[in-house]
Amino acid sequence: MTVLASPAVAPASALGAKGVRYVELVEEIAAVLEGEANQIARYATVAAMLADAFPQFFWTGFYLVDPEKPEELVVGPYLGTLGCLRIAFGRGVCGKAAATRTTQIVADVHAFPDHIACDSRSESEIVVPVLDRNGVLIAVLDVDATEKDVFDQTDAKGLEAIVARIFGS
Ligand code: SME
């Protein structure tokens, strides 16, 4: 009898095209940043490579926990149109992700009561908390799209895998 070992990761067929792209992207970003310790370079490179990875992505970037004001986010490296500069923990989608340390998916930003509108073309959004290797919140990754309902659990898992690999290890 042949006993098949369980695969350590889901086979490509179970991931779908978007899931496969995220698996590739984690490796591509890690390869580009190999040996680069500068945090600004790391944030900027992730933002740039994400912007290029999926055509629906309209704004990709980071809001960083302000070391001077630990309950406030300040804008960090991003690609896209002008983003607001500061967001208090608990405010908007980014502030909710920071306060709860959980990924937020918003299918329609216009229906999200406390959404902070930086650009009216933004229609849906995902925000992922970024933890360092000690589990301390250092930033949130914000990705906006120009269409409604772009983000799902594949994006959540894919983006969480990217920030864990790049900032948490
Ligand atoms: N929409 C965000 C604010 C940041 S911009 O999208 C770049 C929010 O409500 O948290």
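The buried residues of α3 pack against β1 (57-66), β2 (69-79), β3 (86-88), β4 (104-106), β5 (124-131) and β6. Here a residue is buried if 20 or more other C-beta atoms lie within 10 Å of its own, exposed if 12 or fewer, and partly exposed in between, with C-beta atoms placed from the backbone. Contact requires that the C-beta atoms of two residues, likewise placed from the backbone, lie within 7 Å. Helices (H or I, at least four residues) and strands (E, at least two) are DSSP runs numbered from the N terminus. The buried set in α3 consists of G92, V93, C94, G95, K96, A97 and A98. Because 7 of its 9 residues are buried, α3 is largely enclosed by the rest of the structure. Just after this helix, R101 adopts a positive phi of about 55°.

This is a predicted model, in which local features need pLDDT of at least 70, side-chain atom pairs count only at pLDDT 80 or more, and totals for chains, interfaces and linings use all residues. Residues are numbered from 1 along each chain as its sequence is written.

The strands form an open sheet of 6 strands in the order β3-β2-β1-β6-β5-β4, with antiparallel pairing; two strands pair if DSSP finds at least two bridges between them. β3 and β4 stand at the edges with a single partner strand each, so one side of each lacks a neighbour in the sheet. On average, neighbouring strands are turned by 25° against each other, direction ignored. The antiparallel pair β1 and β6 is joined over 7 bridges, and G61 stands opposite D142 in β6.

Two helices accompany the sheet. Helix α2 (residues 39-53) packs on it, touching β1, β2 and β6, and its direction makes about 55° with that of β2. Helix α4 (residues 153-167) lies across β4, β5 and β6 and runs at about 30° to β5. For these angles, axes are lines fitted to C-alpha atoms, for helices over the stretch in contact, and angles run from 0 to 180 degrees between N-to-C directions.

The ligand is surrounded by 14 residues, of which G83, G92, V93, C94 and I116 are the closest; a residue counts as near if its C-beta atom, placed from the backbone, lies within 6 Å of the molecule. The elements giving two or more residues to this shell are α3 (92-100) and β6 (137-145). The largest share, 3 residues, comes from α3.
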